[in-house]
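Visitor: I would like to learn how to read a protein model. Could you walk me through this one?

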Amino acid sequence: MDYVTISHGAGGSVMQEFIKNHILSKLGGSGVEVPLEVLDDAAVVEGIILKSDNHTVKPIFFPGGDLGRISISGTVNDIAALGGEPIALAAGFIIEEGLPISQFDKVVDSMKATCDEAGVHVVTGDTKVIERGGLDKFMINVSGIGRRSKFLDSNIETVRSFREFNSKWLLDSNIRDGDVIISSGYIGDHGVALLSSREGYGFESSVKSDVAPLNKLVENALKEGGIVAMKDPTRGGLANLLNEWADKSKIGIKIYEEKIPVRESVKAACNMLGIDPLEIGNEGKMIIATVKEKAEDVLQVIKKHKYGRDAAIIGEATIKIQGVVLETELGGRRILPPPLGDPVPRIC
Ligand code: MG
């Protein structure tokens, strides 16, 4: 008999197969504007963006954030990634009997602070309690609706002044030959901070989670114009994101390895633990693809935002290769395969 394993929820190729074979085959086929089977950051139904996200992060409080901040940021960022802005959120709480109410309050206070930062409210929800042992402390579902950003149409007009562009939204399938890939900042912080605080490795004093709502940063970038796709590198990290883009856009992606922003402390932690910083989840980063003519302008705008100070151009799309290839300055090349799953479980 087959059973669900941790890797079925770890954001890599094992999860993708699980979703395709056991969910899309049954629940797909809606025919809406951006449907379930596209597996993009969110769906679009009659012009409204719709997103749902469960949060099972362990521990609830970690260096740089907590369950409350991650639950709001995750949904806001997925709505932003399509070229949207959030209208309203719904919060579902599932709580294990015995959770200190002071911890519950702290998480909800953090949700409120993150909502204020993102400029959105929780307007409906549900609260359930499960008997002791039936659940690990506390889980939150945050769902949300969003509308088209008021800057998305002008952004697409800018793209069209340089090349053909047929999509109404910033989808994973939009990337074409010559497009430039930007990271909004350091990769790997969240996963390392989480793992370190959980297992007591001691890196958490130098590495904090990046968890943050990115809708304002995205709005500034859209205002500049020239963006073709956006995605947040959560479970499975940058490696999974780039492979999804290459696969859905049917294009090769070349990444300049030395240009990927990774902190020395994160590199050291990953070396010690034998994991790849490109495969671990981030919760406050956006990977942005632009037409090459606008890449430098978009980069400069992102760098002006507090969550984009360390942004960098990290690569480009090309028809000359297949899949995702990392290149070093000395001319070394290696394929970056899609990870089977995030090496750090329960990070979001
Ligand atoms: Mg996403």
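Predicted model: local features only at pLDDT ≥ 70, side-chain atom pairs only at ≥ 80, totals over all residues.

Visitor: Which residue of S7 is the bridge partner of Ile 49?

Guide: Ile 49 is partnered with Gly 146.

Visitor: In what order do the strands of the sheet lie?

Guide: The order is S1-S2-S7-S5-S6, five strands in an open sheet with mixed pairing. On average, neighbouring strands are turned by 20° against each other, direction ignored.

Visitor: Which helix lies across S2?

Guide: That is H2 (residues 67-81), which also lies across S5 (84-96), S6 and S7. Helix H2 runs at about 150° to S2.

Visitor: Now the metal. Which residues coordinate the magnesium ion?

Guide: Look for Asp 41, Asp 78 and Asp 232, each using OD, at 2.0 to 2.1 Å. Their spacing in sequence reads D-x36-D-x153-D. Asp 41 sits in the loop between helix H1 (13-27) and S1, while Asp 78 belongs to helix H2, so this pair ties together parts 37 residues apart in sequence.

Visitor: Is Asp 41 buried or exposed?

Guide: A residue counts as buried when its relative accessible area is under 20%. Asp 41 has 5%, so Asp 41 is buried. Asp 78 is buried too, at 7% relative accessibility.

Technical notes:
Residues numbered from 1 in each chain as written. Heavy atoms only, no water. Pairing = 2+ DSSP bridges. Helix = DSSP H or I, 4+ residues; strand = E, 2+ residues; numbered from the N terminus. Axes fitted to C-alpha atoms, helices over the stretch in contact; angles between N-to-C directions. Contact = heavy atoms within 4.5 Å. Donors = N, O, S within 2.8 Å, 3.2 Å for Na, K, Ca; no water. Buried < 20%, exposed > 50% of the residue type's maximum accessible area, 1.4 Å probe, protein only.
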